Amino acid sequence: MNAPMGTPPDAAAAACREQALAAMQRGDLAGAEQAFARLLAIRPDDADALQFVASRQLGRDDAAGAIESLHAARRAQPRDAAILHQLGAAQVQAGDLRGAEESLREGLALAPGMFVARLRLGVVYERQGRRHDAMTAYLGAINAAQAQGRWLSDDTTAPGLREAVKHATQYVAAGRRELFDAVIEPLRQRYGRAELSRVDQCLAIYLHEQPAPMPDPRQRPLFLYFPGVPSQPFYPRERFPEHARLEQAVEVIREELRAVLSEAEDRLVPFLGAPTAEAVAAQLLGSTGTQGGAWDAFFFYRHGVRHDANCARCPRTSGLLDAMPLVRVRDHAPETLYSVLRPGTHILPHRGVTNTRLVTHLPLIVPPDCALRVGGQTHVWEEGRCVTFDDTFEHEAWNHSGQTRVVLIMDSWNPDLSEVERMAVADLVAAIGDFNRSVQVS
């Protein structure tokens, strides 16, 4: 039904919109399109009407008409991410890949969480032959969708997207396999495939191509499981003869620590990188005292980055650590520090990322009522005596005393990995880190 003759434009436009919406509720899409067309005769820049008409045009394979309608909608609403997404989809259908890329990227800059738009951007990149860009766009779309509980199965995926999502998932899996294989291949060529067989299995487990054959159910790495090595919470001291040099120098190390605690406490930072209240909210720290728990650190290395000022402040400790066979992985390791646990603090049970490296503590200041528990086994620190454990077992630590507890922490390679395996793991972890950063959705 048309608006009566002589009706004011605003009232006529409102009547057309009401008719279009009523038709949509009845499932009469043709009637809705006709009503929106009448609305556009009155209000040519009505973005909602233009978008609906464009969707109908795309359904008739009239991509050119849809693009024209959407350009008009964009002129009316230049920062509407949904319009840019729809325009990109129309441009893909028309074969205008460059235009589609521009529209989709602009829309995603406005609304990064549009995972379907990111999926379509992956299609554009794939058709352009840009393999890495396609892989990162597809993975970004999958991660964003799954973070919202979507695309976890056919039941959580819209029927019209299921095949596209399956293709994207397979594309990412094949691309990551190819990328990470290429990282390991030079070592295979140099040392032989047999020397890297456990690394190959490690990669297959990481890529979910096979299950992790973990012999101990208490062990659950958060990131990377290396098969074929003993599964044990604590490692015998004799596996690490180099730690004797640290133990022999414990008085020197403790002297530098005490200077830090007395003169440079402003250089201590929260180990978790967040205020205590946030850590408590994340259930990482507990407290048995009247004040909140506090776990502070004085880093020599953090995620592989040397803290030069701290190393200069404690030159003898820093020199001793640098002489150790530390794990060295670009942007990841080593990690060495004074770990300062305040009175009443409880580091709640948690797990580490990989069994390819172990954690060593050299206890420096240990009041009564302090302990470490790994895999259900409790260890009471002894000052000057190193202890090494696999932090992929659930572990926790506490200081129930009224004094500060301090240990020197460093990471060590799992001694059951060969030199070649250590090189391969270092290269692989760095490559995984590079790839994961490249697909982060900002």
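Student: How many disulfides does the structure hold?

Tutor: There are 0 disulfides in the structure, and keep in mind that this is a predicted model.

Student: What is the nearest cysteine sulfur to Cys-311, and how far away is it?

Tutor: That of Cys-314, at 8.4 Å. Cys-311 is in no disulfide.

Student: Is Cys-311 buried or exposed?

Tutor: Buried. Its relative accessible area is 3%, and buried means under 20%.

Student: And what about Cys-16, buried or exposed?

Tutor: Cys-16 has 4% relative accessibility, so it counts as buried too.

Student: New topic, strand β9. Why is it largely enclosed by the rest of the structure?

Tutor: Because 4 of its 5 residues are buried. The strand covers residues 370-374.

Student: Which way do β9 and β12 run, parallel or antiparallel?

Tutor: Antiparallel, with 5 bridges joining β9 to β12. In one of them, Arg-373 has Glu-396 of β12 as its bridge partner.

Student: How many bridges join β9 to β10?

Tutor: There are 3, and β9 and β10 also run antiparallel. Strand β10 is made of residues 377-379.

Student: What lies between the strands in the hairpin of β9 and β10?

Tutor: There are 2 residues between them, and in this hairpin Gly-375 takes a positive phi near 55°.

Student: Now pockets. What volume does the largest pocket have?

Tutor: About 1000 Å³. Its lining is made up of 44 residues, and those nearest the centre are Phe-271, Glu-335, Val-353, Arg-357 and Asp-391.

Student: Which elements give two or more residues to that lining?

Tutor: The strands are β4, β6, β7, β8, β12 and β13, and the helix is α16.

Student: How do the lining residues of the largest pocket divide?

Tutor: Into 24 nonpolar, 11 polar and 9 charged.

Student: And how much space lies in the second largest pocket?

Tutor: About 420 Å³. It is lined by 15 residues, with Leu-139, Arg-176, Tyr-206, Leu-207 and His-208 closest to its centre.

Student: Which elements give two or more residues there?

Tutor: Helices α8 (131-147) and α9 (162-191). The lining of the second largest pocket divides into 9 nonpolar, 5 polar and 1 charged.

Key. Residues numbered from 1 in each chain as written. Predicted model: local features only at pLDDT ≥ 70, side-chain atom pairs only at ≥ 80, totals over all residues. Heavy atoms only, no water. 1 Å grid on protein atoms, 1.4 Å probe; cavity = no way out; pocket = protein on both sides within 12 Å on 5 of 7 lines; lining within 4 Å. Points joined across faces, edges and corners; volume = space filled by probe spheres on them. Nonpolar A, V, L, I, M, F, W, Y, C, P; charged D, E, K, R; others polar. Buried < 20%, exposed > 50% of the residue type's maximum accessible area, 1.4 Å probe, protein only. Pairing = 2+ DSSP bridges. Disulfide = S-S within 2.5 Å.
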